[in-house]
2 protein chains.
Amino acid sequence: MTSSFPASNTSMRSERNTYVGKGFVHVKNPYLDSMDEDVLYHLDLGTKTHNLPEMFGDVKFVCVGGSPNRMKAFALFMHKELRLEDSEEDIKDICAGTDRYCMYKIGPVLSISHGMGIPSISIMLHELIKLLYHARCCDVTIIRIGTSGGIGIAPGSVVITDRAVDSFFKPRFEQVILDNVVTRSTELDKELAEELFNCSKEIPDFPTLIGHTMCTYDFYEGQGRLDGALCSFSREKGLDYLKRAYNAGIRNIEMESTVFAAMCRLCGLKDFKRVSTRLYCYFPSCCGLCDTSQQT
Amino acid sequence: MTSSFPASNTSMRSERNTYVGKGFVHVKNPYLDSMDEDVLYHLDLGTKTHNLPEMFGDVKFVCVGGSPNRMKAFALFMHKELRLEDSEEDIKDICAGTDRYCMYKIGPVLSISHGMGIPSISIMLHELIKLLYHARCCDVTIIRIGTSGGIGIAPGSVVITDRAVDSFFKPRFEQVILDNVVTRSTELDKELAEELFNCSKEIPDFPTLIGHTMCTYDFYEGQGRLDGALCSFSREKGLDYLKRAYNAGIRNIEMESTVFAAMCRLCGLKDFKRVSTRLYCYFPSCCGLCDTSQQT
């Protein structure tokens, strides 16, 4: 990956670079500071239309998940947990002007939906990272929460991801930039994984473990399901794939973790992590690796 | 791509195969007919909970697009155009039980949202194709309608796609099945493209053309934008890429067309096509290939 900086904005870049290393969220785009206005189109926000430092400057935690309804429910849950003074009715969707994503702010916590799949979360992350950068946020922890398919573990378990891997069990995200493929790392912060794991010990009834999470581009053919409109592999071949995944340390499958890890790592979101909750076994005919009696 | 059929459902497969060749929507999954129940999880529909032939048996046209609000607006527009007897208030979201997608039925027309990106539309298409199959629909035309970024054409133009291509300008969709990569064709029906183009002649004020559509996995780095959180290429390199795309016959860029073309082609959706409307030039600093005075 090569960078080419336009000569015109060198000084501004230099100023902004002081944020790097102090826990500030940063961007890796030499053009951004020279732009007159930055419209975060899919969030219905912008640097000219909104006072982003005032609106978001105190954000310390960002929790993201696929479903808009669940992220609203999470926001209401956080409101209760944090015992904030404002009323529950004050929790409004900040992105109500668009139906692409929804966003709620509860004190220092942002709760945002991202839809399904790598491209959908990628658009949201580009605009979220720019939002946090424009708002001059620092020491931000970002956590993805979502359902996923479990491999060889009890349904209902919580998997705390230490490493996101692709369909070939590799800890990498292949980003196509124009017509070049650039490989990015998907390692996650081990310290936060441990911290979250320790928290889980205080909560009974949720089996929790740390493991690798596999991220696929497809829900049916990509995850060994036998019930899509297309299925060209045998039950045995699908099961063999899942067993190989298990042996590679993978404990669950979802569709966003590699790009999430890669982008947050590049942009200084201090402790970036992924938590996968409400794990379930989803195979029409169970692979036999998990205990189906606990299926949720 | 290899198929492995379980011995147990050979007769059922044979029966169902009679649909193929008579314009019936079909699946390519030997396991499906032997399943006791098919839950279309992301549509909140199922073969045991809903009478799919009664609900959807008369469907002849399916129009899909990213945004739920726009697909509702399209449903209301179709209701007006078709002059149906039922009231506008009767047009309800059939998938209201889930927030993943929305779906409206207006006489023989289905209007469905699919979110953003290949993985998101792919989940919807698997379940939509199974829905049309279970409902025994035949001679179904499917059209994708959506905004896209124009290359070298007037903003506001309509591009009727004759061929979907990937980031490398190739008419292919690379589907990862377990840990194998299978390449599928993305050619679209030329006859319907001509038919739609002829229709466009009756509508003034919408410049319309037939061209190739490029499908990317990423909105910012993948489409040459200079305003993402990450940007590692120069303005000149981005412009050169767009010029090469133009020279390869590409007239617009979006994020779903290759998997749409590949899946519909495989499953007998009689005339599958993609129409891209409300084209606009989106570059912070215009590439100069289009007429920005008409930007919408």
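Across the interface of domain 1 and domain 2 of chain A, 6 residue pairs are in polar contact, both residues at pLDDT 80 or more. A polar contact is a pair of N or O atoms within 3.5 Å; within protein, one must be able to donate a hydrogen and the other to accept it, and residues adjacent in sequence count only if both atoms are side-chain atoms. This is a predicted model: local features need pLDDT of at least 70, side-chain atom pairs count only at pLDDT 80 or more, and totals for chains, interfaces and linings use all residues. Residues are numbered from 1 along each chain as its sequence is written, chains are lettered from A in the order in which they are written, and side-chain values use heavy atoms, with hydrogens and water left out.

**Between the domains of chain A**

- Domain 1 covers 25-145 and domain 2 covers 147-278, with bounds from an automatic or database domain assignment.
- The contact (heavy atoms within 4.5 Å) takes 23 residues from domain 1 of chain A and 26 residues from domain 2 of chain A.
- About 2100 Å² is buried between domain 1 of chain A and domain 2 of chain A, and carbon and sulfur atoms give 68% of that. Buried area is the accessible area (1.4 Å probe) that two parts lose on being put together, summed over both.
- In domain 1 of chain A, A:Ile118, A:Ile142 and A:Arg144 lose the most area to domain 2 of chain A, together 34% of what that side buries.
- A:Arg144 also meets A:Glu256 in a salt bridge (3.1 Å, N to O). A salt bridge is a side-chain nitrogen of Lys or Arg within 4 Å of a carboxyl oxygen of Asp or Glu.
- The count between the two domains of chain A is 2 salt bridges.

**Between chain A and chain B**

- 69 residues of chain A are in contact with 69 residues of chain B.
- Chain A and chain B bury about 6100 Å² between them, 57% of it on carbon and sulfur atoms.
- The interface of chain A and chain B has 4 salt bridges. One of them joins B:Arg244 and A:Asp179 (2.9 Å, N to O).
- Polar contacts between chain A and chain B number 28 residue pairs, both at pLDDT 80 or more.

**Symmetry**

- A rotation of 180° with 0.0 Å of shift along its axis superposes chain A on chain B (RMSD 0.0 Å).
- The same surface serves both copies: 100% of the contact residues of chain A recur in chain B.

Conventions: Least-squares fit on C-alpha atoms with pLDDT ≥ 70 in both.
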